[in-house]
Amino acid sequence: MTNPGLEGVVVAETSISDVDGERGRLVIAGVDVEQLAAATAFEGAARQVLAAGGAPGADSLTAAAFGVARTAAWQLVPRLGDALDQPDGMDALRTALAHLRPGAGPVSVATDTADAIAAIGAAPVFVAAWSRRRAGQPPVAPDPTVRALDAYLVTVIDHAMSASTFTARVIASTASDLISAVVGAVGALKGPLHGGAPGPVLDMLDAIGAPERAELWLAGELAADRRIMGMGHRVYRVRDPRAAVLEAAVRPLASPRLELARAVERAAAEILRVKKPDRVLAANVEFYTAVLLDAVGLPRDQFSATFAVSRIAGWAAHVIEQRRTGRLIRPASHYVGALP
Ligand code: COA
């Protein structure tokens with residue numbers, strides 16, 4: 001018996017986050033996602049997930065520590081060669097992160113923690129530098145008043161054993177360094193079945209254009225055997241709780257797309273209920289990610305890389321936690337090829 005999607009296979013004990021797919025509840029570092037997003041800025045949430053993963057001293061990490069990491073990354077930007085010239089932001093981020101030098105010597109909780117801070121500080125610097133360069137514009141200072149973006153970064157910071165998190169844990173289990181683990185995880189996040197969906201969600205909203213066109217357009221997609229982006233989830237059997245958090249965060253931004261998005265979500269949920277009656281397919285995190293990131297002014301080709309800017313903290317926490325088992329992750333395969 002093979003299980004190619006590894007559904008239901010428990011590969012780790014974790015204190016970082018928990019997904020209840022039946023009830024639509026997400027707990028991160030002991031706090032409900034709704035509460036965490038309302039009360040915490042991104043770096044505070046990063047501290048909490050690192051502490052939950054077992055990084056020593058993470059609770060008392062200062063904003064200055066992340067600031068030092070951002071400055072170091074900024075100084076590295078001119079030495080990234082053509083890494084930032086790539087058309088895809090995830091390719092640029094993966095290549096740029098690979099320029100970070102892991103802590104010297106054998107991996108330890110100390111090298112992991114230092115690598116984690118370096119990577120968390122570097123990701124937004126690299127993504128912003130890529131985005132401005134792509135637009136042919138000079139870099140700009142961050143705007144701390146964009147609260148909705150902070151709510152987004154906190155909401156997606158960790159999500160149990162997602163494909164990219166598992167990737168990071170597999171790499172960590174070989175006793176490789178944390179930077180290698182997050183570089184691999186960026187590759188896993190890039191795919192449209194994982195973190196690559198929000199750009200296509202916005203394309204879908206643009207293609208539909210008006211609420212009354214939603215039903216027909218969605219029916220056409222399903223007839224052509226294409227999936228509706230931003231709908232469905234491997235674990236949730238109800239609406240993804242992060243969709244509600246992000247939908248609420250968009251409201252004060254007066255996005256011209258919000259009403260259309262709500263209408264399209266309703267139409268998509270209804271048509272999927274009829275066409276796929278065996279499985280609840282409701283909005284996932286990517287649906288309102290698209291609307292929110294568009295409303296704060298980010299270009300759609302930067303959406304997945306912005307997701308990575310947040311999730312890198314979760315990956316780092318999982319790497320640190322994974323070290324505790326010390327066990328190489330090495331599953332089996334069933335040979336069906338020719339025999340000699
Ligand atoms: N649109 C249309 N049909 C969908 C669907 C979607 N978004 N998501 C799942 N389905 C269908 C599948 O085609 C399958 O139908 P079948 O049984 O008739 O073949 C059935 O629902 C079960 O799907 P399965 O492939 O087993 O689900 P999964 O657990 O592997 O899929 C996702 C999870 C997220 C990959 C899937 O829902 C998807 O592709 N969603 C769109 C991409 C997206 O939004 N990704 C971001 C995830 S956070």
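## A tour by selection: salt bridges, ligand, rings, patch

Start with Asp112, which is buried at a relative accessible area of 1%. Buried means under 20% relative accessible area, exposed over 50%, partly exposed in between (1.4 Å probe, protein chains only). This is a predicted model: local features need pLDDT of at least 70 and side-chain atom pairs pLDDT 80 or more, while totals for chains, interfaces and linings use all residues. Residues are numbered from 1 along each chain as its sequence is written, and side-chain values use heavy atoms, without hydrogens and water.

**Salt bridges**

A salt bridge here is a side-chain nitrogen of Lys or Arg within 4 Å of a carboxyl oxygen of Asp or Glu. The pair links distant parts of the chain: Asp112 sits in helix α5 (residues 109-134), Arg323 in helix α14 (residues 303-323), 211 residues apart. Helices (H or I, at least four residues) and strands (E, at least two) are DSSP runs, numbered from the N terminus.

Next, select Arg70 and Glu43. Their closest N and O atoms are 2.5 Å apart, in a salt bridge. Arg70 belongs to helix α3 (residues 63-76) and Glu43 to helix α2 (residues 42-53). Arg70 is partly exposed at 32% relative accessible area; Glu43 is also partly exposed, at 21%.

Then take Asp20 with Arg23, a salt bridge at 2.8 Å, N to O. Asp20 is buried, at 17%, whereas Arg23 is exposed, at 69%. The whole structure holds 22 salt bridges.

**The ligand**

Select the ligand and its surroundings.

Now show the polar contacts (N or O atoms within 3.5 Å). A polar backbone atom of Met231 is 2.8 Å from a ligand nitrogen. Polar side-chain atoms of Arg234, at 2.7 Å, and Asn284, at 2.9 Å, each face a ligand oxygen atom. Alone, the ligand exposes 870 Å², and the protein buries 74% of that.

**The rings**

Go to Phe287 and Tyr288. Both are buried. The search of the whole structure finds 1 aromatic pair. The ring centres of Phe287 and Tyr288 are 5.2 Å apart with planes at 55 degrees, so the pair is tilted. Rings of Phe, Tyr and Trp (its six-membered ring) pair if their centres lie within 6.5 Å; planes under 30 degrees apart are stacked, over 60 edge-to-face, the rest tilted.

**Last stop**

Select Leu6, Val9, Val11 and Met161. They form a nonpolar patch on the surface. Leu6 lies in the segment before β1 (17-20).

Conventions
Patches are made of residues with over 30% relative accessible area and no salt bridge: like charges are joined within 9 Å, nonpolar side chains (Val, Leu, Ile, Met, Phe, Trp, Tyr) within 5 Å. Accessible areas come from the Shrake-Rupley method with a 1.4 Å probe; for residues, only the protein chains shown count as cover. A polar contact is a pair of N or O atoms within 3.5 Å; within protein, one must be able to donate a hydrogen and the other to accept it, and residues adjacent in sequence count only if both atoms are side-chain atoms.
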